[in-house]
Amino acid sequence: MTDVPLPLFGDEDGADRARSGVSFAAAQRLRLDEHSWVEHVPGWLAGADDLFAELLALPGWEQRRRRMYDEVVTEPRLTAEYPDVRAAPSRLRELAGELGEHYGVDYDRLWLNLYRDQRDSTGWHGDGASARRRECVVPVLSLGAPRHFLLRPTEGGPSRRLRPASGDLVVMGGRCQTEWRHCVPKQGAASSPRISVNFAASSQAVPDP
């Protein structure tokens, strides 16, 4: 996979954002197809380890069960959810504001996934419940141990692979939620915990008019 420099969303206010602990200066955007793209921003968040420790200690982690086809299964990860971002930890509220200013989307909801070790994962999926418009911008912040993040076309085909480190941002844009699928696979090698912070917008959770 070859990344290309970010061609859109200039960072004229980069000094102010650096003071807030985030920077889009290293952003690399990969065009997946005519309508879809993914952006990787290495080192987006300064102080990622401190935020990871704060979120890991949250009391609200739960292991959910969901129906898949004709059976109910236990999800191989833990989840914490904030349907209203105003109830989230203050640092996450600040980051939602930074992302909203940069991408022009009001991120008012978020959820967190905790991958406790290499056995935890998410299967191939699109964020259909929170991203129902034809084109959406969906940021995901990685904290803790690096894990592979894969994308492939919905209709099948070769996958694209990222490996975000702690403090890295991955942003899926365009039709990435409908015409592509993404996952965090299990891995053979031992892994320490990882948290993904998924930012969502109510405006993107309703279909195009």
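Which residues form one aromatic cluster? The legends below refer to a predicted model.

**View 1. F24, W44 and Y103 form one aromatic cluster.** A search of the whole structure finds two aromatic pairs. In one, the ring centres of F24 and W44 are 5.9 Å apart and the planes meet at 65°, so the pair is edge-to-face. F24 lies in the loop between α1 (14-20) and β2 (28-31), and W44 in the loop between β3 (36-41) and α2, so this pair ties together parts that are 20 residues apart in sequence. F24 and Y103 are also edge-to-face, with 5.9 Å from centre to centre and 80° between the planes. Y103 belongs to helix α3, 79 residues from F24. F24 is buried, with a relative accessible area of 3%, and Y103 is buried at 6%.

**View 2. Helix α2 (residues 48-56) has buried residues on one face.** A48, L51, F52 and L55 are buried.

**View 3. Y107 sits in the loop between α3 (90-103) and β7 (109-115).** Y107 is buried, with a relative accessible area of 2%. Beyond its neighbours within four places in sequence, Y107 is in contact with residues including V85, L99, P139 and F199. Its side chain reaches the backbone oxygen of V137 at 2.7 Å.

**View 4. The charged end of R29 sits over the ring of W37.** The distance to the ring centre is 3.6 Å.

How values were computed:
Residues numbered from 1 in each chain as written. Predicted model: local features only at pLDDT ≥ 70, side-chain atom pairs only at ≥ 80, totals over all residues. Heavy atoms only, no water. Helix = DSSP H or I, 4+ residues; strand = E, 2+ residues; numbered from the N terminus. Buried < 20%, exposed > 50% of the residue type's maximum accessible area, 1.4 Å probe, protein only. Contact = heavy atoms within 4.5 Å. Polar contact = N/O pair within 3.5 Å; in protein donor to acceptor, adjacent residues only side chain to side chain. Arc of directions from axis to C-beta. Phe/Tyr/Trp six-rings, centres within 6.5 Å; stacked < 30°, edge-to-face > 60°. Lys NZ or Arg CZ within 6 Å of the ring centre and 35° of its normal.
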